[in-house]
Amino acid sequence: IEDSADFNGDGKIDAKDSYLMKLCLAGSESFEKLEGDYQLYKLTVGGNDITEYSIVIPADTDSENDNHHYAAMELSRYIGEATGFYVPVYRTDENTERHIYFHPVEPDSAEAKELELGLEGYIYKVENGEMHIYGTLRGNMYAVYEIIEEYLGIRFYSGERTYIYKNR
């Protein structure tokens, strides 16, 4: 709720925010005009700002053929469109303090059965400030599209049509 009251996105709630809210409620200003060029003021993972993160894919990833590479690039692209910060994608975790890890899982493996992923399933979770995305076959991609829709406010209507709604 506090983020919703921060109308100008400066990280604090003060008299200026109250004034801006009154202008919007009176119809003198629009909420969209106040929100700026990006639809998200702030994006956090486990309470940490997204600018502290990098995306990590396995070192043996074949960038031409692996779905989790494509999923990582899509996640970076849409986070960038939503916030203005394009999360770097690496094949190692040495470059930043916090990470979003992609874990490709073989569908018939013990890990897939333990996580109950199925043929093209996925799960994602945040532990100790790190995000982990597990997926079989196209599962990593499906996880990314769910994150993009649920947390970034982007809707996909076809391969060529998307809709972005403003979200704090």
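Which residue follows helix 6, and is its phi positive or negative? Helix 6 is followed by Gly 153, whose phi is positive, near 80°. The model is predicted, with local features needing pLDDT of at least 70 and side-chain atom pairs counting only at pLDDT 80 or more, while totals for chains, interfaces and linings use all residues. Residues are numbered from 1 along each chain as its sequence is written, and side-chain values use heavy atoms, with hydrogens and water left out.

**Overview and confidence**

- The protein has 6 helices and 9 strands; these are DSSP runs numbered from the N terminus, with helices being H or I of at least four residues and strands being E of at least two.
- Of its 168 residues, 36% count as buried, where buried means under 20% relative accessible area, exposed over 50% and partly exposed in between, with a 1.4 Å probe and protein chains only.
- The mean pLDDT is 81, and 76% of the residues reach 70 or more; pLDDT is the predictor's confidence in each residue, from 0 to 100.
- Confidence is lowest in helix 3 (residues 31-34), with a mean of 54, and highest in strand 6, at 94.

- An open sheet is formed by 5 strands in the order 4-3-5-7-6, with mixed pairing; two strands pair if DSSP finds at least two bridges between them.
- Strand 4 (89-90) and strand 6 (122-127) are at the edges with a single partner strand each, so one side of each has no neighbour in the sheet.
- Strand 6 pairs with strand 7 (residues 130-136) in the antiparallel sense, over 6 bridges.
- Across this pair, Lys 125 stands opposite His 132, and Tyr 122 stands opposite Gly 135.
- The two strands form a hairpin with 2 residues between them, and Asn 128 in the turn has a positive phi of about 55°.

- Helix 4 (residues 67-83) lies across strand 3 (53-56), strand 4, strand 5 (98-105) and strand 7, and runs at about 150° to strand 5; the axes are lines fitted to C-alpha atoms, for helices over the stretch in contact, and angles run from 0 to 180 degrees between N-to-C directions.
- Leu 75 lies in helix 4 and counts as buried because its relative accessibility is 2%.
- Leaving aside neighbours within four places in sequence, Leu 75 is in contact with residues including Ile 55, Ile 100 and Phe 102; contact means heavy atoms within 4.5 Å.
- The largest nonpolar core has 25 residues, of which Ile 50, Leu 75, Ile 100, Phe 102, Ile 133 and Leu 152 touch the most other members; such a core is a set of buried Ala, Val, Leu, Ile, Met, Phe, Trp, Tyr and Cys residues joined through side-chain atoms within 4.5 Å.
- Strand 3, helix 4, strand 5, strand 7 and helix 6 (139-152) each supply at least two residues of this core.

**Helix 6**

- The buried residues of helix 6 include Gly 139, Met 141, Val 144 and Leu 152.
- Its buried residues pack against helix 4, strand 5, strand 6, strand 7 and strand 8 (154-156).
- The C-alpha atoms of Leu 75 and Met 141 are separated by 9.0 Å, although the two are 66 residues apart along the chain.
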